[in-house]
Amino acid sequence: MKKYINLTIKAHFIRGVFYLLLLVGVSLGGTLLAFFRPDAHSEFCQGTLTFAQRVAYQRAIEEVYWRHRSWPEERADSKPSLDAVMSLAQLEKKVADYLRDSRTVEDYWHHLITTEELHAEIDRMTQHTKAPDMLREIFGALGNDPLVIAECLARPVLAERTLATNASLKEQLQTRVSRAGKQTTTAVGAPRSSYSLPTSLESRLPLGSTFNFLNTGGRYNPNVNSWTPTSTTNAPVRRTRHTAVWTGSEMIVWGGAVNSFPYYTNTGGRYNPTTDTWTATSIVSAPEARDGHTVVWTGTEMIVWGGLSFDGSNYHYLNTGGRYNPSTDSWIATSLTNAPTARHDHTAVWTGSQMIVWGGANNSTVFNTGGRYHPGTDTWIATSTNNAPDARASHTSVWTGSEMIVWGGYNGSSNYQPLNTGGRYNPGNDSWTATSIINAPAGRAFHTAVWTGTEMIVWGGAPNFLFDTNTGGRYNPSSDSWTAASPALEPRESHTATWTGSEMIVWGGDNRNGEIFSDGGRYNPGMDSWTATSITNRPEARFNHTAVWTGSEMIVWGGRGEPTPTPTATPTATATTTATPTATPTSTPTSTARPALTPRPRPTPPPRP
C-alpha cells in the first residue's frame with residue numbers, strides 16, 4: 001500500500017503550483033537580486049507579492065503536499081518533516097526559476113492574463129476538481145486570500161495550459177530560459193480589491209450559478225440510432241456518482257451524491273424500460289448513504305460495497321455493504337469479518353460466484369489489496385499481493401470469464417502519475433500476471449473499459465492534469481498484446497462505455513476546459529471505426545452518470561450537468577413589470593438556494609467543525 005494523494009488529479013498542479021508563477025508578468029526596472037530582497041515589498045503595488053512572500057506561500061503549499069506524500073510502510077524510520085527534505089535554498093531556487101520563466105514566456109506570448117480570466121479559471125477549478133479536500137487545504141494554506149489564490153494558483157495553471165498547446169513555444173521557452181540568466185523579472189498584479197472568489201469556497205460553484213444534478217436519462221437504440229427519454233415520474237432524486245446495474249429486466253440505480261444535506265443518499269430506484277416506470281428501492285436495512293462505491297449484479301442480487309459517507313461533521317470511508325434482492329425489495333448486510341480496508345474509488349467485478357473488489361483509496365492511503373466476497377457464505381478472502389499491480393485508484397477492471405484485468409488509474413505517488421500498467425488476477429489460484437506495456441495506451445485515469453469476449457477496450461480519460469484524451473487501446477490477454485484504437489470524439493473523462501456484443505458505445509463526459517458533452521460514438525473493434533450517436537432527442541450533457549446495456553438499448557441516467565445560471569428578472573415589453581422566472585418542475589424537486597454541491601469526485605458539506 002502507499003499513502004494516497006486524493007488530489008492526484010491535481011498533483012502536478014499542486015507540485016507546480018508556483019510553476020510559471022505570474023507567467024505573463026511584465027518586467028520592471030532594477031536587478032533580479034534587488035527584486036529578490038525580502039524587504040522589497042515597498043517597491044510593488046498592492047496587488048503584487050514580494051519574493052519572500054512567494055517563497056513562504058510555496059512552502060505552505062509544499063507542506064500540504066508533503067503531508068499527503070507517500071511514505072512506505074516497510075520503512076523503519078518515521079516520515080521526516082518537510083524542512084528535512086526541502087531546504088530554503090531549494091524553495092528560493094524554484095521561485096527564481098518561475099519568475100525568470102515568466103519574463104521569457106511573455107517575450108514570446110505577448111499576452112497578459114486578465115483578472116476576468118483568473119476568475120474564470122478559479123471557477124473552473126472549483127467546479128471540476130476531483131479532490132475538493134486537497135483544494136480546500138491549498139486555499140487554506142494561502143489564507144483564503146483571493147489575491148494569492150488568483151495569482152499563485154489560478155495564474156500558473158491557466159498560463160501553463162495555454163503554453164502546453166504550443167509545442168514550438170515550449171521549445172523556445174526552454175532555450176530562452178537556459179540563456180536568461182539573471183534578467184530583471186518582476187510581478188504584476190491587480191489591486192487586491194480586483195480579485196474575488198466564489199461567495200463560498202465550500203459551495204464549489206461559480207458566482208451566479210446553481211449546479212445541475214440530474215434525474216433524467218435516455219434509452220439509446222444503436223440499431224436505429226435513436227433516443228427515447230426515460231420517465232421522471234417517481235424517478236429517484238437527482239444525483240451523481242451513483243451506480244447502476246442491469247438485472248435482465250430492470251435497471252437498478254442506487255446511492256450517490258445529492259445536493260441536499262447530508263449530501264449522500266442510500267435511496268435508489270428500479271427502472272423498467274418496457275413500461276417506462278420507476279419503483280423505489282427499500283431503505284429498510286439499506287447500507288449507509290455513500291458515493292464512490294461499487295456494485296455488481298449476481299443474477300439474483302445487487303451487491304453494494306465500499307465508498308465514502310458524511311455524517312454531517314466528518315467524512316467516513318466504508319468497508320460495509322449490502323445485498324439487495326429486487327424480488328423481495330429487501331437488503332442483507334455484507335459481513336465485516338476479513339473485509340478489505342475501508343476505501344472508495346475502487347473497482348469490483350462479478351465472477352459468477354464471487355465479487356472481487358480491488359484497489360481504491362481512503363484519503364491517505366492507496367491500495368493494491370482487495371478481497372473476494374462469496375454471498376452464499378457471506379465470507380471474505382483477501383486477494384494476494386504477490387506480483388499485484390502497483391497501488392492505484394480511479395482505475396478500471398473487467399472480468400474475462402476466468403480473470404479480472406485491472407488497468408490504469410493513479411498510483412498516489414508524489415507527483416501526478418497516471419499509470420499504463422495493469423494486471424490479470426486469477427481467483428482460481430490467487431495469482432497475478434502483469435499486463436504488457438508494449439504499445440499500451442498512455443497512462444490515464446477516469447477512463448472506461450469494456451470486455452468484448454476476447455479483448456479489453458480502454459478509452460478516454462485523463463493522462464495529465466491539463467488535458468484529456470480521445471485515444472484508447474485493445475488488450476488481448478491471450479497474446480498479452482495491445483492494439484491502438486483509432487481516436488474519435490472530443491477528448492473527455494468521466495464518460496460511460498457499454499458493450500453491445502459487437503460495438504462499444506461511449507457517451508457523455510467532460511474535459512479539463514469545463515466542457516460537458518451530450519454526444520457519443522459507437523466503436524467497432526473489427527473495423528477499428530467509429531459511428532456517431534444521434535443527437536436527436538439525446539439527453540442533456542452530463543458526466544459522472546451511469547449507463548447499462550439491456551441487450552438492445554443503452555440506458556443513460558443521472559449525473560452532473562451544465563451549471564444553471566441564477567435566474568434574473570426580465571423586463572416586459574412595457575417595462576413596467578418584471579417577469580419572474582420559475583424553475584421547470586420535475587418529480588423530484590430540489591432546492592437551488594446555494595446548496596453545498598458536489599465537485600468531482602464527491603460532494604462538499606458545510607465547513608467541517
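User: Why does Arg-270 count as buried in this predicted model?

Analyst: The relative accessibility of Arg-270 is 12%. Buried means under 20%, so Arg-270 at 12% counts as buried.

User: What makes the contact of Asp-329 with Arg-270 a salt bridge?

Analyst: The closest N and O atoms of Asp-329 and Arg-270 are 3.9 Å apart. A salt bridge needs a side-chain nitrogen of Lys or Arg within 4 Å of a carboxyl oxygen of Asp or Glu, and therefore 3.9 Å qualifies. The pair links distant parts of the chain, with Asp-329 in the loop between β11 (315-325) and β12 and Arg-270 in strand β7, 59 residues apart.

User: Is Asp-329 buried, exposed or partly exposed, and how do you know?

Analyst: Asp-329 has 28% relative accessibility. Partly exposed lies between the 20% limit for buried and the 50% limit for exposed, so Asp-329 is partly exposed.

User: How do you know that Asp-345 forms a salt bridge with Arg-241?

Analyst: Their closest N and O atoms are 3.0 Å apart, and the limit is 4 Å, so the pair is a salt bridge. This is one of the 16 salt bridges in the structure.

User: Which parts of the chain does the pair of Asp-345 and Arg-241 link?

Analyst: Asp-345 is in the loop between β12 and β13 (347-350), while Arg-241 is in the loop between β4 (226-229) and β5 (243-246). The two residues are 104 residues apart.

User: Why is Asp-345 called buried, and why is Arg-241?

Analyst: Asp-345 has a relative accessible area of 9% and Arg-241 has 15%. Both values are under 20%, so both residues are buried.

User: What makes Arg-372 and Asp-430 a salt bridge?

Analyst: The closest N and O atoms of Arg-372 and Asp-430 are 3.8 Å apart, which is within 4 Å, so the pair meets the definition. Arg-372 lies in strand β16 (residues 370-374) and Asp-430 in the loop between β20 (422-426) and β21 (431-434), 58 residues apart. Arg-372 counts as buried because 10% is under 20%. Asp-430, at 28%, counts as partly exposed.

User: What makes the pair of Phe-261 and Phe-310 edge-to-face?

Analyst: The planes of Phe-261 and Phe-310 are 80° apart, and the centres are 6.5 Å apart. An angle over 60 degrees counts as edge-to-face, so 80° gives that name. Phe-261 is in the loop between β6 and β7 (268-272) and Phe-310 in strand β10 (residues 302-310), 49 residues apart.

User: How do you know that the charged end of Arg-343 sits over the ring of Phe-367?

Analyst: The charged end of Arg-343 is 4.2 Å from the ring centre of Phe-367. The distance limit is 6 Å, so 4.2 Å meets that part of the definition.

Technical notes:
Residues numbered from 1 in each chain as written. Predicted model: local features only at pLDDT ≥ 70, side-chain atom pairs only at ≥ 80, totals over all residues. Heavy atoms only, no water. Phe/Tyr/Trp six-rings, centres within 6.5 Å; stacked < 30°, edge-to-face > 60°. Helix = DSSP H or I, 4+ residues; strand = E, 2+ residues; numbered from the N terminus. Lys NZ or Arg CZ within 6 Å of the ring centre and 35° of its normal. Buried < 20%, exposed > 50% of the residue type's maximum accessible area, 1.4 Å probe, protein only.
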